[in-house]
Amino acid sequence: MSTDVTERPDTRPSDPGVEEGKVAHIIRKDDQMRGYVMGEEVTALCGERFIPTRDPERYPVCEGCKDALTMMRASGGN
């Protein structure tokens, strides 16, 4: 299992069609293909389980995922 992580930029939605309260989660690169192409459920770094269906660049990044990524990097796990 790879520990590579796909990180999305911290962007704030400016599109009026973006749903309030939605966030973009950070997922492992291994899960990216399964989720987006195969439509399988993935687990974000914060523990949230979901099937990715929306453009993550339209939402702010999940604070829980950011914290988990920071902790992974601090402990030496990329």
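Predicted model: local features only at pLDDT ≥ 70, side-chain atom pairs only at ≥ 80, totals over all residues.
Residues are numbered from 1 along each chain as its sequence is written, and side-chain values use heavy atoms, with hydrogens and water left out. Local features need pLDDT of at least 70 and side-chain atom pairs count only at pLDDT 80 or more, whereas totals for chains, interfaces and linings use all residues.

The chain contains two helices and four strands, arranged from the N terminus as β-β-α-β-β-α. Helices (H or I, at least four residues) and strands (E, at least two) are DSSP runs, numbered from the N terminus. Among contacts (heavy atoms within 4.5 Å) with a separation of 6 or more, 55% involve residues 24 or more positions apart.

Of the 78 residues, 29% are buried (under 20% relative accessible area; exposed is over 50%, partly exposed in between; 1.4 Å probe, protein chains only). The largest nonpolar core comprises 11 residues: Ile 26, Ile 27, Val 42, Ala 44, Leu 45, Val 61, Cys 62, Cys 65, Ala 68, Leu 69 and Met 72. Helix H2 (residues 63-74) supplies the largest share of this core, four residues. Such a core is a set of buried Ala, Val, Leu, Ile, Met, Phe, Trp, Tyr and Cys residues joined through side-chain atoms within 4.5 Å.

The accessible surface of the chain (Shrake-Rupley method, 1.4 Å probe) is about 5200 Å², and carbon and sulfur atoms account for 49% of this area. Val 37 lies in the loop between helix H1 (29-36) and strand E3 (42-43), and counts as exposed because its relative accessibility is 57%.
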